[in-house]
Amino acid sequence: MVIDGHSHVNLPVEQHIEIMDKAGVEKTILFSTSIHPEKADNLQGLKKEMKILNDIVSGKTNSSLDEKYKSINELKQIIQRYPSRYIGFGSVPVGLNEDDTNLYIEENIVKNKFAGIGEFTLPSGQIKILITIFKSSMIFGKLPIWIHAFNPLVLQDIKEVAELGKKFPDIPVILGHMGGSNWLTAIELAKEMPNLYLDTSACFSTLVLKIAINEIPLKCIFGVDMPYGDLQLSKEAIEKLCNKSYINAVLGDNMAKLLKL
């Protein structure tokens with residue numbers, strides 16, 4: 001089974017399904033989003049959407065609870081329409097106390113039958129506050145945690161993600177974008193830690209992709225990050241660069257095993 005392990009809600013959804021069908025992708029792990037750059041039809045419209053995204057990723061603004069509820073509801077409705085094609089990972093606010101975090105995850109992740117939590121986009125120096133998320137994950141069945149790891153995170157942030165993963169070895173941790181510019185350390189950590197996986201979307205370069213999927217093929221999760229990545233091209237890159245005996249693992253079997261599909 002070919003599984004896109006990381007893409008965001010794309011509108012119109014029917015067009016996304018057509019793209020999946022054309023690329024031979026059976027399922028997508030779908031993440032919520034507060035913006036829809038795929039709807040922009042000119043540079044000015046795209047700049048407006050990307051400004052919002054950059055502010056969120058850099059920590060200049062944190063999505064309000066109302067925005068998170070709206071994006072979670074959008075995600076839920078889409079999965080209900082196409083339950084055989086989509087599996088949800090739900091966004092969770094950071095900075096809440098343990099009780100409020102547990103309540104949020106129970107109401108918005110568990111009751112919606114989402115398979116994991118994320119993506120977490122934090123500014124540099126804030127990774128340690130995710131300990132509340134990890135504790136809650138343990139309570140609700142060791143939910144996988146997906147962490148954005150490109151800019152603005154730096155090497156120390158990647159190391160702190162690993163420290164949290166080591167404290168909670170039963171929780172699968174997916175490090176987004178292969179650790180960004182800190183890909184070398186990310187690969188070394190994934191080799192060392194049984195519960196740390198690397199997402200292939202928006203990786204630093206195709207050379208990095210080739211090294212990672214041939215060095216740790218059972219720890220790499222095929223991801224596209226639509227609408228920012230192209231599904232067909234991303235799949236073809238894996239097929240071209242991966243050792244033939246591990247293509248199926250990277251393109252879907254690793255994620256299927258992680259989520260017990």
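## The second largest pocket

The second largest pocket holds about 390 Å³ of space. Lining it are 17 residues, and Pro172, Lys257, Leu258, Leu259 and Lys260 are the closest to its centre. A pocket is an open set of points on a 1 Å grid over the protein atoms alone, with protein on both sides within 12 Å along at least five of seven lines; lining residues have an atom within 4 Å of a point. Grid points are joined across faces, edges and corners, and the volume is the space filled by probe spheres set on the points.

Helix 10 (residues 247-259) gives the largest share of this lining, 4 residues. By type, the lining of the second largest pocket has 10 nonpolar, 2 polar and 5 charged residues. Here Ala, Val, Leu, Ile, Met, Phe, Trp, Tyr, Cys and Pro count as nonpolar, Asp, Glu, Lys and Arg as charged, and the others, Gly among them, as polar.

## Basis of the model

The model is predicted: local features need pLDDT of at least 70, side-chain atom pairs count only at pLDDT 80 or more, and totals for chains, interfaces and linings use all residues. Residues are numbered from 1 along each chain as its sequence is written, and side-chain values use heavy atoms, with hydrogens and water left out.

Eight strands form an open sheet in the order 1-2-3-4-5-6-7-8, with parallel pairing. Its edge strands, strand 1 (3-8) and strand 8 (220-221), each pair on one side only. Helices (H or I, at least four residues) and strands (E, at least two) are DSSP runs, numbered from the N terminus. Two strands pair if DSSP finds at least two bridges between them.

Strand 8 pairs with strand 7 (residues 196-199) in the parallel sense, over 2 bridges. Opposite isoleucine 221 in strand 8 stands aspartate 199.

## Cysteines

How many disulfides does a search of the whole structure find? It finds 0, a disulfide being a pair of cysteine sulfur atoms within 2.5 Å. For cysteine 220, the nearest cysteine sulfur is that of cysteine 242, 8.1 Å away. Cysteine 220 is buried, with a relative accessible area of 0%, and cysteine 242 is buried at 4%. Buried means under 20% relative accessible area, exposed over 50%, and partly exposed in between (1.4 Å probe, protein chains only).

## Valine 161

Valine 161 lies in helix 6 (residues 155-167) and is buried, with a relative accessible area of 1%. Leaving aside neighbours within four places in sequence, valine 161 is in contact (heavy atoms within 4.5 Å) with Ile127, Ile147, Val173 and Leu175.

Definitions and conventions. On a 1 Å grid over the protein atoms alone, a cavity is a set of points where a 1.4 Å probe fits but cannot get out, and a pocket is an open set with protein on both sides within 12 Å along at least five of seven lines; lining residues have an atom within 4 Å of a point.
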